[in-house]
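Please find below a note on the structure under review. It is set out as numbered points for discussion.

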Amino acid sequence: MIVVGLTGWGDHPSLYSGVTTSKDKLFDYTGHFLAVEVDTSFYAIPSKENVRKWCENTPENFRFVVKAYQGMTGHLRGDIPFESKNDMFNAFIECAHEFKRFGKLGMVLAQFPPWFDCQSKNVQYLLYIRQQLKDFEVAIEFRNQTWYGDNVVQQTMDFLREHQFIHTICDEPQAGIGSVPFYPKVTANKALVRIHGRNIHGWRNTGNAENWRKVRFLYDYNKEELQQLGQQIFKLETEVQELFILFNNNSGNHAAKNAKELQAILNIKDVGLAPKQLNMFEGEL
């Protein structure tokens with residue numbers, strides 16, 4: 001089964017009705033897609049109350065891919081806002097268990113930074129992640145090419161497989177050591193494809209943080225590129241029980257459009273979407 005979605009539900013104008021308020025955006029989103037990445041959990045771990053609300057207000061077969069908190073993956077500069085590392089992991093585990101309790105946890109996504117390279121101490125940290133998140137299916141996303149070097153890539157895949165990690169397959173700009181190749185290999189009964197765009201200039205941009213975020217994922221896939229991705233995805237589908245595809249190229253609001261174009265190429269017709277809200281005067285005589 002292939003499930004297509006986007007990273008976050010709050011910034012996709014083409015998906016909302018004319019009367020949508022901020023609190024209704026998730027409901028509107030679920031009229032279009034059956035999966036979403038919870039990207040806000042990277043910045044702050046959601047409360048159980050918020051998780052409960054999201055789960056109760058989404059269709060029965062809707063799933064969340066929950067991104068690990070930045071302090072868990074080495075992104076956070078400075079001290080973590082918790083008493084201890086264990087407290088941080090326990091807070092995230094409570095949050096993830098709430099999604100799981102509702103049967104709506106697709107997987108946990110642990111995305112590591114570009115400086116998390118292939119060396120012994122980082123392999124040991126992955127084992128620590130596996131131990132801490134032992135109750136969950138965990139996808140690992142690398143952003144450093146050393147994990148995919150010719151002499152180690154098979155060991156990388158074997159390690160992920162042995163420890164029941166899901167390999168995150170990325171489509172992103174090929175811009176040096178801080179990017180990874182599209183490597184369509186699966187290591188579990190689920191797979192995750194994250195589609196970041198191919199904006200090499202934006203990926204390399206080292207300007208101020210605000211502008212960097214605006215341009216990094218600015219990319220609109222053309223039909224030929226999406227068809228090529230579709231061919232790879234068809235092959236992956238035969239190797240797993242579930243395949244999640246998440247579009248993250250949303251600096252210019254292209255993610256939703258590209259996701260729907262890929263769904264058409266793959267002939268995906270989701271069943272169980274939420275009813276779409278009507279615009280204020282839509283359907284009136």
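Predicted model: local features only at pLDDT ≥ 70, side-chain atom pairs only at ≥ 80, totals over all residues.

1. Helix α8 spans residues 223-237, 15 residues in total. From its first C-alpha to its last it reaches 21 Å, close to the 21 Å expected at 1.5 Å a residue. At its start, the backbone nitrogen of Glu224 has a side-chain oxygen of Asn222 within 3.1 Å.

2. The buried residues of α8 are Glu225, Leu226, Leu229, Gly230, Ile233 and Leu236. Viewed down the axis of α8, these buried residues fall within an arc of 140 degrees, so they line one face of the helix. Lys223, Glu224, Gln231 and Lys235, on the other side of α8, are exposed.

3. The partners of the buried residues of α8 include strands and a helix: they pack against β1 (2-7), β6 (165-171), β7 (190-195), β8 (242-247) and α9 (255-266).

4. Helix α9 has 12 residues, and its first and last C-alpha atoms are separated by 16 Å, close to the 16 Å expected at 1.5 Å a residue. Its buried residues are Ala255, Ala256, Asn258, Ala259, Leu262, Gln263 and Leu266. They cover an arc of only 165 degrees around the axis, which puts them on the same side of α9. Among the elements that cover them are β1, α8 and β8. After α9 comes Asn267, whose phi is positive, near 60 degrees.

5. The side chain of Asn249 reaches the backbone oxygen of Tyr219 at 2.9 Å. Apart from neighbours within four places in sequence, Asn249 is in contact with Ile195, His196, Gly197, Phe217, Tyr219, Tyr221, His254, Ala255 and Asn258. Of these contacts, Ala255 and Asn258 are also among the buried residues of α9.

6. The structure holds 14 salt bridges. One of them joins Asp24 and Lys23, with the closest N and O atoms 3.7 Å apart. Lys23 counts as exposed, at 73% relative accessibility.

7. Another salt bridge is formed between the side chains of Glu98 and Arg101, at 2.8 Å from N to O. Both residues belong to helix α3 (residues 85-101), where they are three residues apart, about one turn of the helix. Are the two partners buried or exposed? Glu98 is buried, with a relative accessible area of 5%, whereas Arg101 is exposed, with a relative accessible area of 56%.

8. Glu137 and Lys190 also form a salt bridge, their closest N and O atoms being 2.8 Å apart. This pair links distant parts of the chain, 53 residues apart: Glu137 is in the loop between α4 (120-132) and β5 (138-141), and Lys190 is in strand β7. Glu137 counts as partly exposed at 34% relative accessibility, while Lys190 is buried, with a relative accessible area of 8%.

How values were computed: Residues numbered from 1 in each chain as written. Heavy atoms only, no water. Helix = DSSP H or I, 4+ residues; strand = E, 2+ residues; numbered from the N terminus. Expected span 1.5 Å × (residues − 1). Buried < 20%, exposed > 50% of the residue type's maximum accessible area, 1.4 Å probe, protein only. Arc of directions from axis to C-beta. Contact = heavy atoms within 4.5 Å. Polar contact = N/O pair within 3.5 Å; in protein donor to acceptor, adjacent residues only side chain to side chain. Salt bridge = Lys/Arg side-chain N within 4 Å of Asp/Glu carboxyl O.
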